[in-house]
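Student: I have not looked at this structure before. Could we go through it in questions and answers?

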Amino acid sequence: MLFDFSRKKTKKIKIGNVEIGGDAPVSIQSMTNTFTEDVDATVKQIKQLEKAGCEIVRVAVPNEEAADAVPAIKSRINIPLIADIHFDYRLAIKAVQNGIDALRINPGNIGNINYVKAVADIAKENKIPIRIGVNSGSLSREIKKKYGVTPKALVESALEHVSILEKLNYHEMKISVKASSVPFTLEAYRLLSSKVDYPLHLGVTESGTEFKGNIKSAVGIGTLLAEGIGDTVRVSLTENPVSEIRTAKEILKSLNLRPGLELISCPTCGRTKIDLINLAKNVEKKLMIFEDLPITVAVMGCPVNGPGEAAEADYGIAGGEGEGLIFKKGKIIRKIPEEHLISDLIELIKKDFMSY
Ligand code: SF4
């Protein structure tokens, strides 16, 4: 059964060939953790991210060497590249001159308005969008004095940056207001979404190591998406960034915002006579080749209830004692020895989707 969330229609911008906002699908992005100037290492990581399904990637540009590495990186990758820049307007200009696809820079932090104008002008000339990214750790003293460290403070800070660019007649923006607390993040994005029509980049910042970070990101990003808020997402984990992509994809798939393989498996109970936990893990691993197929596959713990309980699944296996069943849309196809369950299931799917 499909439930559709109506998404708030935001202004559409374009980063390289990826549209963000408007009617564009929610895109997935990540950030490298290599030294950007180490072109080989950075490209290697971006390739891994691309393979995992990353659609836009950001690199830190803290110095001139990193800005100079942009053309070499761009020539070897297939997804749009964003430069993450703090303060230094010269690095932003250099990144644009070197072919970057978007910038993340907060104009209020640049200082001199002539420098901000120089960045806005070259970005506009080259159709380069800018992300304004405010988080709870980077609020100005004045904002903190006025609003404390609150969701309102984040939003007011973001709006200040927005108005600087708008006054310079620059409008190709997306905005983020991340915090490491989920309730804080939710309130900030809800408030921001009620005030602007620019596309929003969602994330829970510094969400932690893989397990806790995945949960916080899923709850934070998932809640906002379910409310129709958000146009592009980045899961931030203290992990290899490839893990961020898997999590982001699962969040989007779980909300029907992206087609792809869904695995369902039963929690096991006193009727289970098979090592279902390992069976389900193996199925998950082996089915990764079908990741983009819009199918649901069930892994169930008993032949009596399994096929019925997973009747909505397109394909399924149900384990018994030494043998198991293969079923399709709740209908049993055959009974086979346990050790052939996974390979038969894969063959069946392959046969139905010949190109795989
Ligand atoms: Fe128990 Fe079978 Fe249901 Fe799994 S499918 S929870 S083993 S009854």
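Student: Where in the chain is I79 placed?
Tutor: This is a predicted model. Among the residues that I79 touches, beyond those up to four places away in sequence, are I46, C54 and V57. I79 itself sits in the loop between α3 (70-74) and β5 (81-84).

Student: Is I79 buried or exposed?
Tutor: Buried means a relative accessible area under 20%. The relative accessibility of I79 is 12%, so I79 counts as buried.

Student: How many Å separate the C-alpha atoms of I79 and D344?
Tutor: Along the chain, I79 and D344 are 265 residues apart.

Student: What is the volume of the second largest pocket, and which element gives the most to its lining?
Tutor: The second largest pocket has a volume of about 360 Å³. Of the 17 residues that line this pocket, the closest to its centre are R246, E250, K253, E284 and E291. Two or more lining residues come from each of α9 (210-226), α10 (241-254) and β11 (262-265). The element that gives the most, with seven residues, is α10.

Student: Is K253 buried or exposed?
Tutor: K253 is found in helix α10. Leaving out residues up to four places away in sequence, K253 touches R258, P259, G260, L261, E262 and E291. Its relative accessibility is 5%, and the cut-off for buried is under 20%. K253 therefore counts as buried.

Student: Which residues does S27 touch, not counting those up to four places away in sequence?
Tutor: S27 is in strand β3 (residues 27-31). With a relative accessible area of 2%, S27 is buried. The residues it touches are V18, I20, E55, I56, D231, T232, V233 and R258.

Student: In which helix is G306 found, and which residues is G306 in contact with beyond four places in sequence?
Tutor: The helix that holds G306 is α12. G306 has a relative accessibility of 2%, so G306 counts as buried. Leaving aside neighbours within four places, its contacts are M300 and F327.

Student: How far apart are the C-alpha atoms of G306 and R7?
Tutor: G306 and R7 are 299 residues apart along the chain. The separation of their C-alpha atoms is 36 Å.

Student: Is E309 buried or exposed?
Tutor: E309 lies in helix α12, which covers residues 306-309. A residue is exposed when its relative accessible area is over 50%. The value for E309 is 52%, so E309 is exposed.

Student: How far is E309 from Q48, C-alpha to C-alpha?
Tutor: In sequence, E309 and Q48 are 261 residues apart. In space, the C-alpha to C-alpha distance is 37 Å.

Student: What is phi of E206?
Tutor: Most residues other than glycine have a negative phi. E206 lies in the loop between β9 (201-202) and α9, and E206 is exposed, with a relative accessible area of 59%. E206 is not a glycine, yet its phi is positive, at about 40°.

Student: And what is phi of K329?
Tutor: K329 is found in the loop between β14 (323-328) and β15 (331-337). At 55% relative accessibility, K329 counts as exposed. K329 is a residue other than glycine with a positive phi, near 45°.

Student: How many helices and strands does the protein chain have, and what percentage of its residues is buried?
Tutor: The chain has 13 helices and 15 strands. It has 356 residues, and the buried part of them is 52%.

Student: What share of the contacts between residues at least 6 apart joins residues at least 24 apart?
Tutor: The contacts in question are those in the protein chain between residues at least 6 apart in sequence. Of these, the share that joins residues at least 24 apart is 63%.

Student: How far apart do the centres of the positive and negative side chains lie?
Tutor: The protein chain has 48 positive and 45 negative side chains. The centres of the two sets lie apart by 3 Å.

How values were computed:
Residues are numbered from 1 along each chain as its sequence is written. This is a predicted model: local features need pLDDT of at least 70, side-chain atom pairs count only at pLDDT 80 or more; totals for chains, interfaces and linings use all residues. Side-chain values use heavy atoms; hydrogens and water are left out. Helices (H or I, at least four residues) and strands (E, at least two) are DSSP runs, numbered from the N terminus. Buried means under 20% relative accessible area, exposed over 50%, partly exposed in between (1.4 Å probe, protein chains only). Contact means heavy atoms within 4.5 Å. Lys and Arg count as positive and Asp and Glu as negative; His and the chain ends are not counted. The place of a charge is taken as NZ of Lys, CZ of Arg, CG of Asp or CD of Glu. On a 1 Å grid over the protein atoms alone, a cavity is a set of points where a 1.4 Å probe fits but cannot get out, and a pocket is an open set with protein on both sides within 12 Å along at least five of seven lines; lining residues have an atom within 4 Å of a point. Grid points are joined across faces, edges and corners, and a volume is the space filled by probe spheres set on the points.
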